[in-house]
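Subject: Structure handover

Hello,

Here is the structure for you to take over. Please open it first, then read my notes below.

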Amino acid sequence: VSHFPSDKFRARVEGVCHDTDLAVLRVETPDFDDIPEMKIADEASLPSLFDTVHVVGYPIGGDSRCVTEGVVSRIEVVEYSHSLRHCLALTVDAAINSGNSGGPILDKATQEIVGIAFQKLSGRGVENMGHGVPTPLIHRFLRAVDENKPVQLPSLRCEYQVLENPSIRKKLGMVEGKHTGTLVTRVHEVEGEPVLLKPG
């Protein structure tokens with residue numbers, strides 16, 4: 001299918017996970033009956049670096065589907081701009097623009113969904129760096145919605161700083177080669193729940 005009508009349909013929200021910027025919408029209309037389902041790649045699998053992917057969407061509006069091609073350039077934990085939570089994400093060099101969010105990232109070889117586009121990096125010196133929610137988080141979200149369970153990700157409810165800088169480790173009295181760890185800088189308390197971590 002290379003062209004879709006620009007008709008708008010009413011949809012019902014089945015579930016939303018703000019942590020990972022995902023949502024499930026139900027559209028009850030026969031207009032969708034002839035559209036084939038797309039398979040989501042296995043939950044335990046992630047694409048490999050340099051795997052070729054296609055990003056599908058409607059960047060900057062329009063009625064015609066847009067497909068861009070790129071490769072998986074990184075798989076790591078990044079900050080999700082919607083929730084400011086740090087979660088696993090795919091980094092691809094295919095163009096991702098406004099209107100691509102929520103669109104599938106397809107493995108070119110299998111045509112399976114390996115991610116869902118949700119944000120891009122922009123700034124001076126940054127080019128072609130877009131992010132996608134990977135399949136482990138997609139499957140987790142869909143399973144939680146299907147089983148009517150909480151969709152939020154677990155959290156330590158704290159802010160922290162990694163201690164890669166040797167000057168910081170020295171300031172904290174850590175012995176080089178003996179002490180490692182992470183510095184807790186702030187704890188978010190919840191009424192009625194005990195606080196096990198403390199800043200510093």
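Valine 162 is partly exposed, with a relative accessible area of 47%. The cut-offs are these: buried is under 20% relative accessible area, exposed is over 50%, and partly exposed lies in between, with a 1.4 Å probe and protein chains only. Valine 162 sits in strand S9 (residues 158-162). Helices (H or I, at least four residues) and strands (E, at least two) are DSSP runs, numbered from the N terminus. From valine 162 to serine 81 there are 81 residues in sequence and 20 Å in space, C-alpha to C-alpha.

Two notes on the source. The model is predicted, so local features need pLDDT of at least 70 and side-chain atom pairs count only at pLDDT 80 or more, while totals for chains, interfaces and linings use all residues. Residues are numbered from 1 along each chain as its sequence is written, and side-chain values use heavy atoms, with hydrogens and water left out.

The barrel

Six strands form a closed barrel with antiparallel pairing, in the order S3-S4-S5-S8-S7-S6. Two strands pair if DSSP finds at least two bridges between them. On average, neighbouring strands of this sheet are turned by 45 degrees against each other, direction ignored. Axes here are lines fitted to C-alpha atoms, for helices over the stretch in contact, and angles run from 0 to 180 degrees between N-to-C directions.

Now the pairs. Strand S3 (residues 52-57) and S6 are antiparallel, with three bridges. There, histidine 54 has leucine 106 in S6 as its bridge partner. S6 and S7 also pair in the antiparallel sense, over three bridges. Isoleucine 105 is bridged to glycine 115 in S7. S6 and S7 form a hairpin with five residues between them. In its turn, glutamine 111 has a positive phi of about 60 degrees.

S7 and S8 run antiparallel and are joined by five bridges. Isoleucine 116 is opposite valine 133 in S8. S5 and S8 pair over three bridges, again antiparallel. Threonine 91 is opposite histidine 131 in S8. Is S8 mostly covered or mostly open? S8 is mostly covered, with five of its five residues buried.

In a regular strand the side chains alternate between the two faces of the sheet. From S6, Pro104 and Leu106 point one way, while Ile105 and Asp107 point the other way. All four are buried.

The helix

H1 has 12 residues, which at 1.5 Å a residue should span 16 Å. The expected span is 1.5 Å times one less than the number of residues. The end C-alpha atoms of H1 are 16 Å apart, which agrees. Its buried residues are Thr135, Leu137, Ile138, Phe141 and Ala144. What covers them includes strand S1 (12-17), strand S2 (22-26), S5, S7 and strand S8 (130-134). Contact means heavy atoms within 4.5 Å. Just after H1, asparagine 148 takes a positive phi of about 55 degrees.

The cores

A nonpolar core is a set of buried Ala, Val, Leu, Ile, Met, Phe, Trp, Tyr and Cys residues joined through side-chain atoms within 4.5 Å. Which residues touch the most other members of the largest core? They are Leu22, Tyr80, Val133 and Leu137, out of 15 residues. S5, strand S7 (113-120) and helix H1 (135-146) each give two or more residues to this core. H1 gives the most, with four residues.

Leucine 22 is in contact with Gly15, Val16, Cys17, Ile116, Val133, Leu137, Ile138 and Phe141, leaving aside neighbours within four places in sequence.

The aromatic pair

Rings of Phe, Tyr and Trp (its six-membered ring) pair if their centres lie within 6.5 Å; planes under 30 degrees apart count as stacked, over 60 as edge-to-face and the rest as tilted. By this rule there is one aromatic pair. Tyrosine 80 and phenylalanine 118 are stacked, at 4.2 Å centre to centre and 25 degrees between the planes. Tyrosine 80 is in the loop between strand S4 (66-79) and S5, phenylalanine 118 is in strand S7, and they are 38 residues apart. Both are buried.

A buried asparagine

Asparagine 100 lies in the loop between strand S5 (86-92) and strand S6 (104-107). Asparagine 100 counts as buried because its relative accessible area is 2%. Asparagine 100 touches Val55, Val56, Gly57, Tyr58, Pro59, Ala95 and Ala117, not counting residues up to four places away in sequence.

Best wishes
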